[in-house]
Amino acid sequence: MPFARSFQAPLLKQIYPQRPLALSLRPTRQLLSKRCNSSATPPIAPPSQSQSQKSTRSRRLRNLLYIAIFGGLGLSLGSGIEKLIASPPVPDTEEDITWRKRIEREYEFLPVVQALRNDPDLGGEWTAYSNFSDEEKEHRLTSGSLKGSRGLALQKLFYNDKKKSIINVVYFGGGLEGWPTVVHGGALATVLDETFGRVAVRSFPAKTGVTANLNINYRARVSSGSYYTIQATLDPILSTDRKAHMTAEVRDQTGKLCVEATALFVVPKNIPLRAIGDGF
């Protein structure tokens, strides 16, 4: 219909007059410009010279602190590894003598030693095999082959006559290890056997005896390079003049139980044995 088309065109122009494209986009551009300007961050001023110096100084101090911390850890770790890898000193060498003196000095300040010395029920303190000559000591396992800082560097003994027990403060050196840093179970059995023997010898009128039975239960690790106490006690009810039934415990310096043991010592009837005495 031509008439309808001709009539609608002028009417639409009157209702919706056309505007130039540039004029219609101008408000949108102005609005975007305002939004961008409002959200923009203010310019950051460059740091002053004093602030730059403080920042540099703090970085240097932080670097020095890191060097000191990690350098100290490295030295400590290296020293520990060196001790683990290095061979224990040979007995009676200058290095061994230095180590033994250090071990004996540390022994003097152990809390357990101070407590034992202040116990009125303990009669005296002595070193293992103190009643043996140097030549005789060389023929004994613990005072000969196992001597020195790498072995049984120290055995100090206390006797309680009321309880019929002996307390042995022992230092286990690095040469007694089975697994690295762990004392061999056989070395522990040897020291326990001798400590039992000291209790038995004191109870026998013959002042001598031998091992008939030894049972050991290992409860916790015993570390090398450390001090331990071994307490062996006589059972007076089961024991006689020829048989000694005993129990023993091995504990660390915190009192933790590491080993338990029982033993039976006897005086042989048909085998003459030397009287050992109390200094054993």
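Asp 252 sits in the loop between strand E6 (243-251) and strand E7 (257-266), strands being DSSP E runs of at least two residues and helices H or I runs of at least four, numbered from the N terminus. Its side chain does have a partner: a polar contact of 2.7 Å joins Asp 252 to the side chain of Thr 254. Such a contact is a pair of N or O atoms within 3.5 Å, one able to donate a hydrogen and the other to accept it; residues adjacent in sequence count only if both atoms are side-chain atoms.

## About the model

This is a predicted model, with local features needing pLDDT of at least 70 and side-chain atom pairs pLDDT 80 or more, while totals for chains, interfaces and linings use all residues. Residues are numbered from 1 along each chain as its sequence is written, and side-chain values use heavy atoms, leaving out hydrogens and water.

## Salt bridges

The structure holds 13 salt bridges. One of them pairs Asp 92 with Arg 100, at 3.5 Å between the closest N and O atoms, and a network links Asp 92, Asp 96, Arg 100, Glu 138 and Lys 147.

In another, Arg 102 meets Glu 106 at 3.5 Å; the two are four residues apart in helix H4, so about one helical turn separates them.

Methods. A salt bridge is a side-chain nitrogen of Lys or Arg within 4 Å of a carboxyl oxygen of Asp or Glu.
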